Amino acid sequence: MTSTAGSRYIQRLNDGRRVWLNGNIVPDIRSSPAFRGTIESVAAIMDLQDDPSVEQQLTFIAETGARANLAFLIPEQKEDLFRRSHSFKLWSDATFGVMSRVGGFYRSQLTGWHIAKGLIRDEQPQFAQKISDYFAYVRDNDLLLTAAGHDPQIDRTKLASELGDLYTAVRIVRETEDGIIVRGAKMIATGGPYMDEIMVSPHSKKTGDEQQYAVMFAIPVNQEGVHLICRESFASERDEWEDHPLSAHYDEMDAVLVFEDALIPWERVFIKEDPEAIWKIRSDRTVSSLSLHENIVRLVSKLEFTATVGNELAESIGITRFAHVQDKLAELFFQLESIRSLLLSAEHHAIYSPHGVWEPALQPILTAKNLGNRYYPRALEILQQLSGAGMLQVPSTIAELRGPLGTQLQTYYRGADRGAEERVRLLKLAWELVGSQLGARHELYERFYAGDPVRTYAGQYTEYDKQALLDKALRISV
Ligand SMILES: Cc1cc2nc3c(=O)[nH]c(=O)nc-3n(C[C@H](O)[C@H](O)[C@H](O)COP(=O)(O)OP(=O)(O)OC[C@H]3O[C@@H](n4cnc5c(N)ncnc54)[C@H](O)[C@@H]3O)c2cc1C
């Protein structure tokens, strides 16, 4: 039997990775109930690349002859941005926008780094070759990627270097012939346990006093000396899957990375002890717009999902004719249409960048990202308002509707337009989105995943071309 992308992915996971959960290393995450459901979901998504009906829409043939995911396509034509967008949407829809790392987020960031490699040719001459080799390796082997950039919180008023010998943030301890030895922690690598590779670099600009902390590298997840410390799992046992449809299938897991004097070989050390060069690459406009592009496509899938659940909640108890309910449902559609319009605007007003590729226009895409931080929590609030206590008026398991009290429960739990089982399924799905541990985690994710919103909003303000607006307004006095 020929192997598929999904089966090859599952095989790769048994590689000795040190994934810690509940105080122990999980010997093989493939057989752990905490991870199994999500692994099956990821494999199914990867298998789409072998499905003849969508293969062409998800992959392209790279110059090496490898069939590669479209997140690695260099957008040399404007049309390529639309191809990338369509493929992101197919993958995002497969998990209703709930999973963020199987999509092209960090694959697109890596594609961006590869595109922008010439930017630091003078100060870091080795970067271009190393990043291109790594890009080709990840692309041609169809590897899944996440990234970790944040230093442990500890004391945000201090630089990493000011925390003394605590070695809290990842830093270079020493160099050997083979590479650098790094020690410290990075937070948090979403999806870490499920990935093939993790890219590590500082999320914020390091200062001249923090040279040892200014290091950008990539590791395989099973890197010797690296531990992945997982938060609590939200996944349930297989027999409870019908009651926890999202937690059972799409719990991406977040993990803190602990580096215990890990040796990073030179070919994977992209930049070291150069805060300026790292920042130049990390803040490059093309890199940002390519990775945010994928984020916004995924957000559209997620807002489609929340709007659908909201509408169904209202339909299921016959409240859609109340004006305030229509107002709330309309707000969910406004959210969706606003983000979709910003996405289209970014794509249609794409810019031919100095790197010789097409990039989505950054302002609409940044606006979509920043609005998304606010829209998603508001969408969850609307679902609560539409449900009242409905989401809690459910038996503990759907199976009870088929049990000894089934006839009575079928009567009391039915909806205005549907039977009890269909309504209870909907309510449990809504609770997963709004009230479950996974739901709370997603609210936090949408607020913070691309940085502290306080600072990303401020960043959009400071970078905005205010002069162009002023120039127009000044015409009034001419
Ligand atoms: C679910 C989830 C998944 C994530 N996945 C990833 C991932 O895969 N990879 C990754 O790299 N990151 C990931 N992140 C991290 C995310 O990028 C950070 O949470 C975000 O940038 C904020 O950083 P922080 O959490 O360290 O909070 P902090 O920066 O510590 O902020 C905490 C609070 O302090 C305030 N604050 C702190 N410092 C300042 C300051 N200098 N000025 C003003 N206010 C300040 C903030 O405004 C905020 O209110 C994820 C986050 C979440 C919630």
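Predicted model: local features only at pLDDT ≥ 70, side-chain atom pairs only at ≥ 80, totals over all residues.
**Entry 1: strands at one edge**

I started with I172 and looked for its bridge partner in β7, which turned out to be V182.

**Entry 2: the six-strand sheet**

Next I wanted the whole sheet. How many strands form it, and in what order? I got six, running β2-β1-β10-β11-β7-β6, in an open sheet with mixed pairing. I then looked at who stands at the edges: β2 (24–25) and β6 (171–175). Each has a single partner strand, so one side of each is left without a neighbour in the sheet.

**Entry 3: the four-strand sheet**

I also came across an open sheet of four strands, in the order β5-β8-β9-β12, again with mixed pairing. Here β5 and β12 (269–272) take the edge places. I noted that each pairs with a single strand, so one side of each has no neighbour in the sheet. Going from one strand to the next, I read an average twist of 20°.

I zoomed in on β9 (residues 215–220) and β12, which pair over three bridges in the antiparallel sense. Which residue of β12 stands opposite V215? I found K272 there.

**Entry 4: around the ligand**

Then I turned to the ligand. I listed 22 residues around it, and R101, R156, I188, T190 and D452 come nearest. Sorting the shell by class gave me ten nonpolar, six polar and six charged residues.

Where does the shell come from? I looked up the elements that supply at least two residues each: β5 (145–148), β7 (179–190), α14 (437–448) and α15 (453–463). The largest share is from α14, with four residues.

Why does the ligand lie between domain 1 (5–281) and domain 2 (284–467)? I say it lies between them because both domains give residues to the shell.

**Entry 5: polar atoms and cover**

I checked some distances to the ligand's N and O atoms. A polar side-chain atom of T190 is 2.6 Å from a ligand nitrogen. For A147, I found a polar backbone atom 2.8 Å from a nitrogen atom of the ligand. Y449 also uses a polar backbone atom, which lies 3.5 Å from a ligand oxygen. Last, I asked how much of the ligand the protein buries. Taken alone, the ligand exposes 960 Å², and the protein buries 73% of that.

Technical notes:
Residues numbered from 1 in each chain as written. Heavy atoms only, no water. Near = heavy atom within 4 Å. Polar contact = N/O pair within 3.5 Å; in protein donor to acceptor, adjacent residues only side chain to side chain. Areas by Shrake-Rupley, 256 points an atom, 1.4 Å probe, with all protein chains shown as cover. Nonpolar A, V, L, I, M, F, W, Y, C, P; charged D, E, K, R; others polar. Domains from an automatic or database assignment. Pairing = 2+ DSSP bridges. Axes fitted to C-alpha atoms, helices over the stretch in contact; angles between N-to-C directions.
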